[in-house]
Amino acid sequence: MEIAVIGGGNGCYAAAVDLTEKGHKVRLWRRDKEAFQDVLESQSIDVIDATGKRSVPIKLATNDLSAAVQGVKLIVIPLPAVTQEAIAEQLTPVLEDGQVLFLPPGTFGSYIMADILQKKGCKANVVFAETGTLPYLARKYDEHTVSISGRATRLPTGFFPSDESQYGFDILKEAFPSVELVEDALSGALMNAGPIIHPPLILMNAGPIEHFDKWDIHNEGTQKSVRNVHKALDEERIMIREALGYKAPHFPLDDHYNLDGDEWMYGNGAHEKLVDGEDWFETLDLKTHRYMREDIECGLAFLVSIGDWLGISVPTATGLLAIASSVVEEDLRGQGRTLENLRLSTKTSEELKNILQKGLMQYEVK
């Protein structure tokens, strides 16, 4: 299948390599031509994984967005949520009818990107998909090399509009056989593991993160007290899912850490694989890192706002969001990705359900 991968981050390089090795024809686009120069010249990416190191030729590495996306069935966008608005604007003139845009994970970016496409006058009828995690545990070593230490074995995925779920699912499954269909894009957004895993890890490890040059939040930083907060936060996420009528499996975070639970998104024993390597022994700037700007300012703020909209108390999520606001000295509840800022907080549950089902072209949000 012809697939475009958008971006130059960890997940983008991993997707380009993995999908190529699965037999797909991949076009990789990156905006930063200078950082992308080595890949543009070699038309390849070096990958390191359990089988060793090798060079993987890409069908097309380009900084021409039109060349990357026109004629493809699937557009994979494994970028942080904070980039979605800008990417939507850039995609507006080049999208075509029937394309599926995959956001792994999405943080409800499917709605945000669809809204921007409509406002910018995009006429293409496209379908969005979003899931709960990146398909890969990956880190770039440099601008030509990516390390893949794990691959997702289950990807719960919702589509926007949900009326097009089967169409989108059939295309997406060709590239990612591990996708599992969930109710809609909001259900997919509420599978996002990042806003559950990372806020306790960076906020409860703020001291060592700022003191040491590098700190592994997933190894030394994951202790019993942190896991207790994880558990309470995840219970609030699941409570919100159930209040919205979404059914199990909810992919509880406990299954990521426990060896004897149901298979989680990265399979059993994923946490042990994560801490075995040194890819996550890294420097973190608490004010700018995507764990703060994507997982808290976007994901956690979104979760808290849904709780408020439903009238459900989510004290752990609310408390963590307040602490994060103090850390960055900004009002993340006020400025974050919330139902209020998306102009959805005045909608009834039935109105929101109609939007999720029909999309924005059929149901205008005022």
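Reply: A disulfide is counted when two cysteine sulfur atoms lie within 2.5 Å. In general, the bond is a covalent one between the sulfur atoms of two cysteines. By that rule the count here is 0 disulfides. The model is predicted, so local features need pLDDT of at least 70 and side-chain atom pairs pLDDT 80 or more, while totals for chains, interfaces and linings use all residues. Residues are numbered from 1 along each chain as its sequence is written, and side-chain values use heavy atoms, without hydrogens and water.

Me: In what order do the 8 strands of the open sheet lie?

Reply: Strands of a sheet pair through backbone hydrogen bonds, parallel or antiparallel. Strands are DSSP runs of E, at least two residues, and helices runs of H or I, at least four, numbered from the N terminus; two strands pair if DSSP finds at least two bridges between them. Here the order is 5-2-1-6-7-8-11-12, with mixed pairing. Strand 5 (60-62) and strand 12 (179-181) are the edges, each pairing on one side only.

Me: How many bridges join strand 6 to strand 7?

Reply: Strand 6 (residues 74-76) and strand 7 (residues 100-103) run parallel and are joined by 3 bridges. Val76 has Phe102 of strand 7 as its bridge partner.
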